[in-house]
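Here's a quick briefing to read with the model open beside you. It starts with a pocket and then moves on to the fold, the cores and a few residues worth a look.

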Amino acid sequence: MKRRLEPELLDVLPSEDPEAIHSRSDLRRINHAMFQAQIMRRLFRRYLAQPPHRIIELGAGDGYFMLRLALALQWRDVEYILVDRQNIVDPKTALELRQRRWDLQIFAEDVSEFLERGIVADLITVNLFLHHFSES
């Protein structure tokens with residue numbers, strides 16, 4: 001079956017819309033309740049022999065989740081590519097990542113379009129994203 005990416009409310013609402021702000025806050029709470037950062041940190045430490053030079057995050061949202069990982073892992077000199085339909089990266093999040101010598105590149109486009117670019121990375125991550133695919 002071919003899978004197709006389905007848009008969600010956050011993909012179409014303006015980033016400053018109160019409903020969008022509330023939804024992003026909900027996603028942070030869900031990540032916290034599910035221990036997502038701790039799980040991902042443990043997986044990275046177990047399976048990566050050295051810190052990656054380039055990370056691509058598909059469905060990156062506001063970048064806050066990866067910031068939490070950056071703080072915990074103390075990785076430096078990372079090229080971080082955020083891919084999401086909208087550029088909603090909070091300036092404070094971007095600043096904190098840059099202070100840790102993370103070079104941010106933001107691609108505000110559909111993931112399937114981004115993948116056609118053929119950009120390679122040491123690590124590709126997704127978080128609370130794969131459920132957006134339908135089976136049609």
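**The second largest pocket**

The second largest pocket has 14 residues in its lining, and R28, D62, Y64, D90 and T93 are the ones that lie nearest its centre. Keep in mind that this is a predicted model. About 220 Å³ of space lies in this second largest pocket.

- Which elements give two or more residues to the lining of the second largest pocket? They are α2 (18-33), α4 and α5.
- By residue type, the lining of the second largest pocket splits into 6 nonpolar, 2 polar and 6 charged.

**The fold as a whole**

- The protein chain has 6 helices and 6 strands.
- Reading from the N terminus, the order of the elements is β-α-α-α-β-α-β-α-β-α-β-β.
- The protein chain has 136 residues, and 40% of them count as buried.
- Take the contacts in the protein chain with a separation of 6 or more: 76% of these are between residues 24 or more positions apart.

**The nonpolar cores**

- The largest nonpolar core has 21 residues, and I55, L69, Y80 and W102 are the ones that touch the most other members.
- Where does this core come from? At least two residues each are supplied by α3 (36-47), α4 (64-73), β3 (78-84), α5 (91-99) and β4 (102-108).
- Helix α4 gives the largest share of this core, with 6 residues.
- Another core lies apart from that one; it has 7 residues, including I56, L58, V83 and F107.

**Helix α4 and M66**

- Within α4, the buried residues are F65, M66, L67, L69, A70 and L73.
- M66 sits in helix α4, and its relative accessibility of 1% is under the 20% cut-off, so M66 counts as buried.
- Setting aside neighbours within four places in sequence, M66 is in contact with I55, E57, Y80, W102 and T125.
- M66 and Y80 are 14 residues apart in sequence, and their C-alpha atoms are 9.1 Å apart in space.

**Y80 and the aromatic pairs**

- Not counting residues up to four places away in sequence, Y80 touches I55, E57, A60, G63, M66, L97, W102, D103, L104 and Q105.
- A pair of aromatic rings is described by the distance of the centres and the angle of the planes.
- How many aromatic pairs are there? The count comes to 3.
- In one of them, the ring centres of Y80 and W102 are 5.6 Å apart with the planes at 80°; that angle is over 60 degrees, so the pair is edge-to-face.
- This pair ties together distant parts of the chain, with Y80 in strand β3 and W102 in strand β4, 22 residues apart.
- Are Y80 and W102 buried or exposed? Both Y80 and W102 are buried.
- F107 and F114 also pair up: their ring centres are 5.0 Å apart and their planes are at 65°, so this pair is edge-to-face too.
- F107 is buried at a relative accessible area of 15%, and F114 is buried at 1%.

**T125 in strand β5**

- T125 belongs to strand β5 (residues 123-126).
- T125 has a relative accessible area of 3%, which is under 20%, so T125 is buried.
- Which residues does T125 contact, leaving aside its neighbours within four places in sequence? They are F44, I56, E57, L58 and M66.

- Most residues other than glycine have a negative phi.
- Q74, which follows α4, has a positive phi near 60°, although Q74 is not a glycine.
- Q74 lies in the loop between α4 and β3, and at 54% relative accessibility, over the 50% cut-off, Q74 counts as exposed.
- D77 is found in the loop between α4 and β3 as well.
- D77 has a positive phi of about 55°, and D77 is not a glycine either.
- With a relative accessible area of 48%, D77 falls between the 20% and 50% cut-offs, so D77 is partly exposed.

How values were computed: Residues are numbered from 1 along each chain as its sequence is written. This is a predicted model: local features need pLDDT of at least 70, side-chain atom pairs count only at pLDDT 80 or more; totals for chains, interfaces and linings use all residues. Side-chain values use heavy atoms; hydrogens and water are left out. A nonpolar core is a set of buried Ala, Val, Leu, Ile, Met, Phe, Trp, Tyr and Cys residues joined through side-chain atoms within 4.5 Å. Buried means under 20% relative accessible area, exposed over 50%, partly exposed in between (1.4 Å probe, protein chains only). Helices (H or I, at least four residues) and strands (E, at least two) are DSSP runs, numbered from the N terminus. Contact means heavy atoms within 4.5 Å. On a 1 Å grid over the protein atoms alone, a cavity is a set of points where a 1.4 Å probe fits but cannot get out, and a pocket is an open set with protein on both sides within 12 Å along at least five of seven lines; lining residues have an atom within 4 Å of a point. Grid points are joined across faces, edges and corners, and a volume is the space filled by probe spheres set on the points. Ala, Val, Leu, Ile, Met, Phe, Trp, Tyr, Cys and Pro count as nonpolar, Asp, Glu, Lys and Arg as charged, and the others, Gly among them, as polar. Rings of Phe, Tyr and Trp (its six-membered ring) pair if their centres lie within 6.5 Å; planes under 30 degrees apart count as stacked, over 60 as edge-to-face and the rest as tilted.
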